[in-house]
Amino acid sequence: MLPIAMVTGASLYLIYHFLPEPVHRIGPFLDNVVSVLQPLLIFSMLFLTFCGIEPRDLKPHRWHWWLLLIQGGLFSLLGLVVIWGLRNLPDGQDCAILVESAMLCLICPTATAAAVVTRKLGGDMAGITTYTILINMLTAVLVPLFVPLIRPVDGVDFFAAFSMILAKVFPLLIMPCLCAWLVRYMFPRLHRRLLDFADMPFYIWAVALTLAIAVSVRYLMASTLGLGLIAGMAAVSLISCVFQFMAGRYVGSRYRPRRKEVSQEAARRGRLVRTITAGQSLGQKNTVFAIWMGYTFMTPETAIVGGLYSIWHNIYNSWQLRRAEEQINKPS
């Protein structure tokens with residue numbers, strides 16, 4: 001389903017792009033439709049996902065702090081590299097774009113759809129949801145701290161950037177959670193009915209992914225960057241994607257819970273769940289948010305790195321889901 005969604009999204013935009021010029025007059029209308037439809041899909045997906053999570057299960061674990069350290073530490077380190085005069089070197093502007101692209105790939109919060117994929121893979125939805133909230137909080141603090149130093153913009157100080165990020169995060173992350181809890185405690189019968197649609201968020205995400213890929217291809221087609229620089233950004237996004245999935249899975253596999261499991265089988269199963277959850281937490285990104293951060297806070301050309309990263313992590317997710325399905329269907 002994910003490859004079909006990706007190919008469909010790319011094809012739809014390419015068909016539109018190569019249609020005669022008069023057809024492009026409906027472009028602003030289509031842009032408005034996508035800008036309204038995409039948040040509604042994400043809200044619906046998260047609302048149904050949060051309905052299946054007990055509020056008391058949303059608590060930080062030790063592996064959360066290690067992942068936050070990796071994301072925040074590497075982002076800060078690369079930010080200091082840019083601030084300390086990278087732009088003054090020969091070809092410094094191109095180098096700065098590549099470093100800023102890596103910064104976006106690293107600090108970008110966990111995808112809102114990550115809980116859906118994690119559930120399909122057998123991970124811990126509550127664990128990844130908790131991390132999604134934590135990394136969005138860290139992003140809302142770190143990005144405004146570095147933006148005025150990396151790319152000064154009149155009127156964009158810490159509080160302005162913090163408010164802009166919070167305005168993006170709150171409606172699409174906190175509100176679905178609050179609404180799900182409201183339904184859980186005030187309308188229990190409706191809540192039980194909603195639990196029957198446990199697989200629906202995955203299919204909603206497939207539609208949202210189609211739109212996200214179309215937006216990503218749009219940015220790629222509109223880019224005026226040279227092919228060499230785009231290839232460099234593709235390499236940066238691929239390396240960032242591979243590194244973060246590997247680092248997340250490593251941290252998850254090394255984590256030891258505070259209480260001892262009752263058996264070796266339980267310990268093995270617990271380690272597998274943590275490995276999957278931590279890998280998705282660090283590797284699967286909210287790439288639409290990365291695109292927005294790129295053209296809002298960084299050098300605008302860096303926005304396309306979010307679309308490039310979206311291709312890599314969805315290819316990997318497709319492979320993971322296919323492998324998980326084969327293991328389930330494999331005769332014992």
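Biologist: Leaving aside neighbours within four places in sequence, which residues is Thr-49 in contact with?

Modeller: Contact means heavy atoms within 4.5 Å. By that rule, Thr-49 meets Ala-115, Val-116, Met-125 and Pro-201, once neighbours within four places in sequence are set aside. Two notes on reading: residues are numbered from 1 along each chain as its sequence is written. This is a predicted model, where local features need pLDDT of at least 70, side-chain atom pairs count only at pLDDT 80 or more, and totals for chains, interfaces and linings use all residues, while side-chain values use heavy atoms, leaving out hydrogens and water.

Biologist: What is pLDDT, and what does the chain average?

Modeller: pLDDT is the predictor's confidence in each residue, from 0 to 100. The protein chain averages 84, and 92% of the residues score at least 70.

Biologist: Is Thr-49 buried or exposed?

Modeller: Buried means under 20% relative accessible area, exposed over 50%, partly exposed in between (1.4 Å probe, protein chains only). Thr-49 has 6% relative accessibility, so Thr-49 counts as buried. Thr-49 sits in helix α2; helices (H or I, at least four residues) and strands (E, at least two) are DSSP runs, numbered from the N terminus.

Biologist: Which residues have the most contacts inside the largest nonpolar core?

Modeller: A nonpolar core is a set of buried Ala, Val, Leu, Ile, Met, Phe, Trp, Tyr and Cys residues joined through side-chain atoms within 4.5 Å. The largest one here has 37 residues, and Met-45, Phe-47, Trp-205 and Leu-209 have the most contacts inside it. Helix α9 gives the most to this core, with nine residues.
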